[in-house]
Amino acid sequence: PKKFAADSLEMRGQELFFGKAQCGVCHPAPYYTDNTMHDLKVDRFYKPQTINGLMATKQGPIKTFPLRGIKESPPYFHDGRLLTLEDTVEFFNLVLELKLSAQEKRALVAFMRQL
């Protein structure tokens with residue numbers, strides 16, 4: 001019975017991955033990457049600042065990372081700023097304004113751990 005519940009969570013995560021969460025747009029199966037560059041426009045979340053006398057600039061496009069075996073390769077994101085898959089799902093939930101519930105985020109992480 002417990003295994004069935006886990007499978008259901010993972011299946012719900014798969015539905016979310018290719019549906020509401022929009023992950024599959026940039027991370028399509030079977031390799032879970034589109035091998036292109038995307039600008040997430042995350043600079044809108046940061047206030048302008050000077051670091052070591054230089055003005056920090058916007059990030060710009062980054063290459064889509066393949067998600068096969070993703071659970072084995074923390075930290076996440078191109079610069080390692082996201083320590084867990086949960087952090088990564090929350091980051092994209094905020095950046096893409098997905099409005100995922102806590103249960104939906106758990107399901108999405110469960111699915112990604114199976115890739």
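Because the model is predicted, local features are described at pLDDT of at least 70 and side-chain atom pairs at pLDDT 80 or more, while totals for chains, interfaces and linings use all residues. Residues are numbered from 1 along each chain as its sequence is written, and side-chain values use heavy atoms, with hydrogens and water left out.

The protein chain holds 4 helices and 4 strands; here helices (H or I, at least four residues) and strands (E, at least two) are DSSP runs, numbered from the N terminus. Read from the N terminus, the elements follow the order α-α-β-β-β-β-α-α. Of the 115 residues in the protein chain, 32% are buried, where buried means under 20% relative accessible area, exposed means over 50%, and partly exposed lies in between (1.4 Å probe, protein chains only). A contact is counted when heavy atoms come within 4.5 Å. Among contacts in the protein chain between residues at least 6 apart in sequence, 57% join residues at least 24 apart.

Helix 4 spans residues 102-112 and is mostly covered, with 8 of its 11 residues buried. The buried residues are Glu104, Lys105, Ala107, Leu108, Val109, Ala110, Phe111 and Met112. Helix 3 (residues 85-95) packs against helix 4 at an angle of about 125°, and the axes are 10 Å apart. These axes are lines fitted to C-alpha atoms, for helices over the stretch in contact, and angles run from 0 to 180 degrees between N-to-C directions. Helix 3 and helix 4 are therefore oblique to each other, given that angles under 35 degrees count as roughly parallel, over 145 as roughly antiparallel, 65 to 115 as roughly perpendicular and the rest as oblique. From helix 3, Leu85, Glu86, Val89, Glu90 and Asn93 meet Lys105, Leu108, Val109 and Met112 of helix 4. The residues of this contact divide into 5 nonpolar, 1 polar and 3 charged; Ala, Val, Leu, Ile, Met, Phe, Trp, Tyr, Cys and Pro count as nonpolar, Asp, Glu, Lys and Arg as charged, and the others, Gly among them, as polar.

Asparagine 93 sits in helix 3 and is buried, at 7% relative accessible area. Leaving aside neighbours within four places in sequence, asparagine 93 is in contact with Leu98, Lys99, Leu100 and Lys105. The side chain of asparagine 93 also reaches the backbone nitrogen of lysine 99 at 3.2 Å. Ala110 and Phe111 are among the buried residues of helix 4, and glutamate 10 is itself buried, with a relative accessible area of 17%.

In the loop between helix 2 (23-26) and strand 1 (37-38) lies aspartate 34, which is partly exposed at a relative accessible area of 22%. Aspartate 34 touches Val25, Cys26, Pro28 and Thr64, not counting residues up to four places away in sequence. With threonine 64, the link is a side-chain to side-chain polar contact of 2.9 Å; a polar contact is a pair of N or O atoms within 3.5 Å, where within protein one must be able to donate a hydrogen and the other to accept it, and residues adjacent in sequence count only if both atoms are side-chain atoms.

Glutamine 22 counts as partly exposed, at 42% relative accessibility.

The loop between strand 4 (62-63) and helix 3 contains aspartate 79, which is partly exposed at 41% relative accessibility. The side chain of aspartate 79 makes a polar contact of 2.8 Å with the side chain of arginine 81. Proline 75 lies in the loop between strand 4 and helix 3, and the peptide bond from proline 74 to proline 75 is cis, with omega near -5°.
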